[in-house]
Amino acid sequence: MKLNNFVTTIIVLFATISFQANAFELSDAVIYNHPQGIGQMVSSIDGKHFYQFNSDKSAIQKISYATGDVVSTIFDSSTARNCNVNEWDGFKMSDDESKILLYTSAQSIYRYSFKADYYLYELRHNKLLKISEEGGEEIATMSPDARQVAYVKDNNVYIYKVDYGSTVAVTKNGEKNKIINAVPDWVYQEEFGLLNSFAWSPDNLTLSFIQWDESDVPMYKMAFYKGYCNPIECNYLYPSIFEYKYPVAGEKNSSVKVLSYDVETRKTQDLKVPLDNDGYIPNIRYAKSSDRLMVYTLNRNQNDLKIYAINPRSTVSKLIYSETSDSWINIDLAKKATYMENTFTILSDKSGYTHLYLYSNSGSLIKQLTNGEWNVTDYYGYDAVKKCYYIQTTQRGALNRSIAKIDAKGIITELNSTDGTYSAAFNSNFNYYVQNFSDSKTPNQYTLWLTSAAKSKKVRDIEMNDDYASKFGAGIPKKEFFTMESEGYKLNGYIIKPSDFNPDKKYPVIMSQYSGPGSQQVLNKWTLDWENYFATQGYIIACVDGRGTGGRGKAFESLVYMNLGHYESIDQLTAAEYMASQPYVDANKIGIWGWSYGGYEVLMAMSQSKSKYAAGVSIAPVTDWRFYDTIYAERYMRTPQENDEGYKNSAPINKVALQKGELLIMYGTADDNVHPANSLEYVSALTARGKLCDMMVYPNMNHSINGCGVRLPLYKKVLKFFDNHLK
């Protein structure tokens with residue numbers, strides 16, 4: 001018996017060692033690639049607690065920041081009156097914490113937008129109220145006093161009056177593919193990240209919103225098939241057609257205007273925003289007073305930004321901020337503006353790097369709060385008590401992100417002491433923040449910090465991902481960072497070598513890249529993906545951020561302006577040459593891969609006269625910027641009418657005669673972002689010249705090609721393709 005136990009122990013030990021050595025599978029990289037997060041945390045007014053769903057999302061708990069203990073349960077589906085919902089998708093607390101807006105049964109519309117069944121819960125009466133009997137509302141938004149909830153249904157705006165249980169129709173002209181009220185059209189959602197244009201005045205008396213008239217925007221149509229995952233039975237013999245308004249480069253956009261609804265008089269008026277006929281309104285929001293609706297405008301070329309303070313009753317507007325650029329303006333920076341009683345802060349890269357500026361309400365510059373050859377990559381807010389601004393920066397170099405504070409004397413102090421990627425989520429009074437840290441070797445760690453001390457002090461660990469780190473932290477191929485030069489520019493890169501790397505062997509290489517303007521792949525942060533697994537299969541993975549990518553300042557980004565794909569391709573080819581020069585690389589076995597813009601760059605790089613790629617995988621690629629939407633394409637290229645030569649030179653479809661190497665194209669047939677026509681037209685151009693490529697098509701899948709377990713076979717297909725052509 002003892003001998004048998006000993007033998008069993010040895011067998012188990014051997015099996016455990018074998019598992020640890022060989023346990024990392026492609027499914028780990030695809031399915032389990034994300035460490036544990038910590039869920040939505042909503043700070044309380046007093047800043048001492050936060051609100052969070054319980055594990056099954058059936059209740060909302062009040063939890064102490066300091067201890068992590070549950071203080072109370074403020075909402076419970078099992079005990080709330082009128083509640084027949086067991087699980088919720090999300091919630092928002094009212095400003096005074098007397099009510100909770102919850103939603104369930106969310107159904108996707110586009111990539112980020114959805115409709116859902118919204119409910120309002122009154123804590124005092126333990127009562128749940130359904131916003132509309134039918135459900136299916138969009139962008140439900142509480143007024144500051146939580147006595148009204150604005151929402152959209154069938155392109156029209158409604159207000160639910162909580163005190164009376166009644167609903168008022170604010171607009172009646174909403175019509176599919178014509179007039180949209182408050183909910184942005186497709187291109188605004190996708191490219192400006194605007195999902196909700198509702199703005200309630202602080203006094204609860206005015207509801208402002210943007211109206212889109214897309215009547216003149218060309219219609220785009222795509223087929224939906226039955227499919228075998230979530231099948232659409234009625235499409236078995238005859239596919240259905242999905243159609244929506246999609247403005248391609250150079251075509252007409254929606255015309256936009258800002259409307260304000262007076263709650264007392266029930267009258268709606270046009271605020272007459274100063275705007276070009278083809279201009280954009282990418283954001284509206286109220287400042288601290290009800291007579292200051294801040295309206296952001298951009299010209300069509302997106303290099304002239306203006307912010308107006310508009311009185312929604314008198315419609316009088318005053319220009320308080322303007323900025324122009326020789327290339328494009330990053331509207332995401334301006335949208336982070338914070339409005340205080342007498343001042344506002346705004347991020348801008350007008351100095352050549354992204355920095356934080358302080359302005360008076362009249363629009364006069366008070367001071368530039370940060371300066372230097374580094375970027376402010378996020379702004380967390382201003383602590384009026386301690387007189388500190390909190391920011392995220394690249395002070396430790398483009399590969400890293402630090403948390404920092406700016407004190408009343410303008411002194412900037414880092415709140416972290418090591419390299420890596422740090423971000424913060426502050427509570428309502430800036431006394432606490434949750435720190436998220438990772439680096440290339442450490443999965444995400446969430447800790448709570450106290451800011452009241454002279455230097456931030458750690459209070460407790462929240463989620464350290466120890467189990468995840470024990471499985472994936474050791475033994476998995478990791479990034480090694482390097483730099484190289486291309487035409488005099490120093491470029492950042494990383495390399496992932498096989499676990500059993502032997503410098504005396506020759507390895508095939510897969511170049512991984514995205515390359516899009518302002519993007520950044522080479523970062524000192526935790527990632528676990530197909531790259532790590534492919535490295536266990538005998539490949540070296542290399543990634544280089546070329547010209548146009550982010551983290552390096554405005555001049556570096558703007559090099560690609562009006563000429564997308566040109567410098568990116570030079571840099572990717574130079575990176576491939578750099579890898580080919582390494583003694584452990586088989587120079588004849590270098591491939592390249594990319595998705596979306598990365599897929600575009602695969603085609604561009606493989607169609608250069610100096611290309612020596614043996615194989616490439618291009619997923620959901622743009623093949624001509626004339627096929628892509630106005631906001632994105634024109635931001636970097638202007639319109640085809642202004643830059644015809646640039647569009648011709650930047651289109652892979654015009655370079656198929658030069659395309660060399662084995663090629664695999666993959667796309668989803670329901671991609672509403674980069675349409676299937678991009679791939680189909682490219683393949684048509686290839687075949688017309690007697691050229692071949694492999695193709696994998698995913699019926700009814702969108703741009704992400706995700707869900708229904710499809711990602712695992714997708715990467716298996718990619719690996720098999722590279723095995724066939726690089727080994």
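Q: Hi! How do β3 and β4 pair, and over how many bridges?
A: Strand β3 (residues 59-64) and strand β4 (residues 70-76) pair in the antiparallel sense, over 5 bridges. Pairing here requires that DSSP finds at least two bridges between the strands. Strands are DSSP runs of E with at least two residues, helices are runs of H or I with at least four, and both are numbered from the N terminus.

Q: Before I go on, what kind of model is this?
A: The model is predicted: local features need pLDDT of at least 70, side-chain atom pairs count only at pLDDT 80 or more, and totals for chains, interfaces and linings use all residues. Residues are numbered from 1 along each chain as its sequence is written, and side-chain values use heavy atoms, with hydrogens and water left out.

Q: Which non-glycine residues have a positive phi?
A: E97 is one of them, at about 65°, and it lies in the loop between β5 (90-93) and β6 (99-108). T315 also has a positive phi of about 65° without being a glycine. T315 lies in the loop between β22 (304-310) and β23 (317-324).

Q: New topic: how many disulfides does a search of the whole structure find?
A: The search finds 1 disulfide, where the term means a pair of cysteine sulfur atoms within 2.5 Å. C229 is joined to C708, with an S to S distance of 1.9 Å.

Q: What is the torsion about that S-S bond, and what parts does the pair tie together?
A: The torsion for C229 and C708 is about -85°, so the disulfide is left-handed. C229 lies in the loop between β16 (219-224) and β17 (240-245), and C708 in the loop between β43 (694-698) and α13 (711-726), so the pair ties together parts that are 479 residues apart in sequence.

Q: And where does C234 stand?
A: C234 is in no disulfide, and the nearest cysteine sulfur, that of C229, is 16 Å away. With 65% relative accessibility, C234 counts as exposed, whereas C543 is buried at 0%.

Q: On to helices: how do α8 and α9 cross?
A: The axes of α8 (residues 566-580) and α9 (residues 597-605) come within 9 Å and cross at roughly 75°. These axes are lines fitted to C-alpha atoms over the stretch in contact, with angles from 0 to 180 degrees between N-to-C directions. The two helices are therefore roughly perpendicular, a label for angles of 65 to 115 degrees.

Q: Which residues meet there?
A: E568, S569, Q572 and L573 in α8 meet Y597, E601, M604 and A605 in α9, with contact meaning heavy atoms within 4.5 Å.

Q: Why is α9 described as largely enclosed?
A: Because 9 of the 9 residues of α9 are buried, it is largely enclosed by the rest of the structure.

Q: Last one: where is P477, and what does it touch?
A: P477 is in the loop between α5 (466-472) and β36 (479-486), and is buried at 5% relative accessible area. Not counting residues up to four places away in sequence, P477 touches I496, K497, S499, N532, A535 and T536. P477 and P498 are 21 residues apart in sequence and 6.2 Å apart in space, C-alpha to C-alpha.

Technical notes: Buried means under 20% relative accessible area, exposed over 50%, partly exposed in between (1.4 Å probe, protein chains only). Angles under 35 degrees count as roughly parallel, over 145 as roughly antiparallel, 65 to 115 as roughly perpendicular and the rest as oblique.
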